[in-house]
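User: Please examine the structure shown below and answer a series of questions on its fold and local geometry.

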Amino acid sequence: MNNYEKLYKQYLYRQDELSLTKEQVVDRILSKFKAREFSKKEVLDLVNDEQLEYSKIFTCLVIDDPSVLNKLFSNEERRYHKEQVLDNHENPLNEKKIKKVEWNYNHLLLDEQEGRRIDIFFESKDGKYISEFIVRDQCEKLNGYLNALIVGSLIQRGVASIQLTFQMSIFNIT
């Protein structure tokens with residue numbers, strides 16, 4: 001038996017363990033990454049987001065612990081953040097041009113750009129499982145981790161067709 005067949009059999013045997021509820025996913029993120037919850041109202045542009053349905057966003061998490069962020073970001077992502085810091089120092093926010101109500105939001109965006117925070121927004125259309133999520137600022141490691149936690153339940157519920165794609169790639173079916 002080749003490794004792909006073995007891996008597929010392991011998947012079939014343990015596929016029930018892949019379906020995590022929205023609470024299970026959030027609990028893992030809270031504990032593993034020292035995240036904390038915040039209100040979606042703080043993110044002014046979220047209401048217009050095309051990827052998430054605003055009314056179905058059930059929680060927003062922020063990761064802002066420097067030691068955790070240091071472990072999450074890749075070298076390439078850290079370089080990007082350094083470039084953003086330099087650019088933002090050269091072109092600082094003008095307090096006179098920003099409405100008071102938008103001041104905190106603009107600082108939230110700066111913290112994302114400069115690598116001082118990662119925001120995660122979770123949507124649930126059925127109230128039990130996560131249907132979609134967004135990670136801001138981009139963090140490849142965290143995106144991969146969340147995909148691993150969430151895609152299993154999407155497959156189990158028939159929302160994603162990854163199982164068929166996975167089977168076809170293992171057995172070279174086209």
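User: In what order do the elements of the protein run from the N terminus on?

Analyst: The model is predicted, so local features need pLDDT of at least 70 and side-chain atom pairs count only at pLDDT 80 or more, whereas totals for chains, interfaces and linings use all residues. Residues are numbered from 1 along each chain as its sequence is written, and side-chain values use heavy atoms, with hydrogens and water left out. Helices (H or I, at least four residues) and strands (E, at least two) are DSSP runs, numbered from the N terminus. The protein has 7 helices and 4 strands, and from the N terminus on the order is α-α-β-β-α-α-α-β-β-α-α.

User: What percentage of the contacts in the protein between residues at least 6 apart in sequence join residues at least 24 apart?

Analyst: Contact means heavy atoms within 4.5 Å. Buried means under 20% relative accessible area, exposed over 50%, and partly exposed in between (1.4 Å probe, protein chains only); 38% of the 174 residues count as buried. Among contacts between residues at least 6 apart in sequence, the share that joins residues at least 24 apart is 69%.

User: How are helix 4 and helix 5 oriented: roughly parallel, roughly antiparallel, roughly perpendicular or oblique?

Analyst: Axes are lines fitted to C-alpha atoms, for helices over the stretch in contact, and angles run from 0 to 180 degrees between N-to-C directions. The axes of helix 4 (residues 75-90) and helix 5 (residues 100-113) come within 8 Å and cross at roughly 135°. Therefore helix 4 is oblique to helix 5. Angles under 35 degrees count as roughly parallel, over 145 as roughly antiparallel, 65 to 115 as roughly perpendicular, and the rest as oblique.

User: How many nonpolar, polar and charged residues does the contact of helix 4 with helix 5 have?

Analyst: On the helix 4 side, Tyr80, His81, Gln84 and Asn88 meet Leu110, Glu112 and Gln113 of helix 5. Ala, Val, Leu, Ile, Met, Phe, Trp, Tyr, Cys and Pro count as nonpolar, Asp, Glu, Lys and Arg as charged, and the others, Gly among them, as polar. By class, the contact of helix 4 with helix 5 has 2 nonpolar, 4 polar and 1 charged residues.

User: Which elements do the buried residues of helix 5 pack against?

Analyst: Helix 5 has 14 residues and reaches 21 Å from its first C-alpha to its last, close to the 20 Å expected at 1.5 Å a residue; the expected span is 1.5 Å times one less than the number of residues. In this helix, Tyr105, Asn106, Leu108, Leu110 and Glu112 are buried. They pack against strand 1 (36-38), helix 4, strand 3 (118-123) and strand 4 (132-136).

User: Is isoleucine 98 buried or exposed?

Analyst: Isoleucine 98 is placed in the loop between helix 4 and helix 5. Not counting residues up to four places away in sequence, isoleucine 98 touches Leu93, Trp103 and Asn106. Because its relative accessible area is 16%, isoleucine 98 is buried.

User: At which residue does helix 6 bend?

Analyst: Helix 6 (residues 140-156) has 17 residues and reaches 24 Å from its first C-alpha to its last, close to the 24 Å expected at 1.5 Å a residue. Its buried residues include Leu146, Leu149, Ile150 and Val151. The bend at a residue is the angle between axes fitted to the seven residues ending there and the seven starting there. For helix 6 this bend is about 30°, at isoleucine 150.

User: Which peptide bond is cis?

Analyst: Most residues other than glycine have a negative phi, and most peptide bonds are trans. Lysine 34, in the loop between helix 2 (22-32) and strand 1, has a positive phi near 55°. Aspartate 137 is found in the loop between strand 4 and helix 6. With omega near -20°, the cis bond is the one from arginine 136 to aspartate 137.

User: What distance separates the C-alpha atoms of arginine 116 and leucine 69?

Analyst: Arginine 116 is found in the loop between helix 5 and strand 3 and is partly exposed, with a relative accessible area of 38%. Not counting residues up to four places away in sequence, arginine 116 touches Ile63, Asp64, Leu69, Leu110 and Asp111. Arginine 116 and leucine 69 are 47 residues apart along the chain, and their C-alpha atoms are separated by 7.4 Å.
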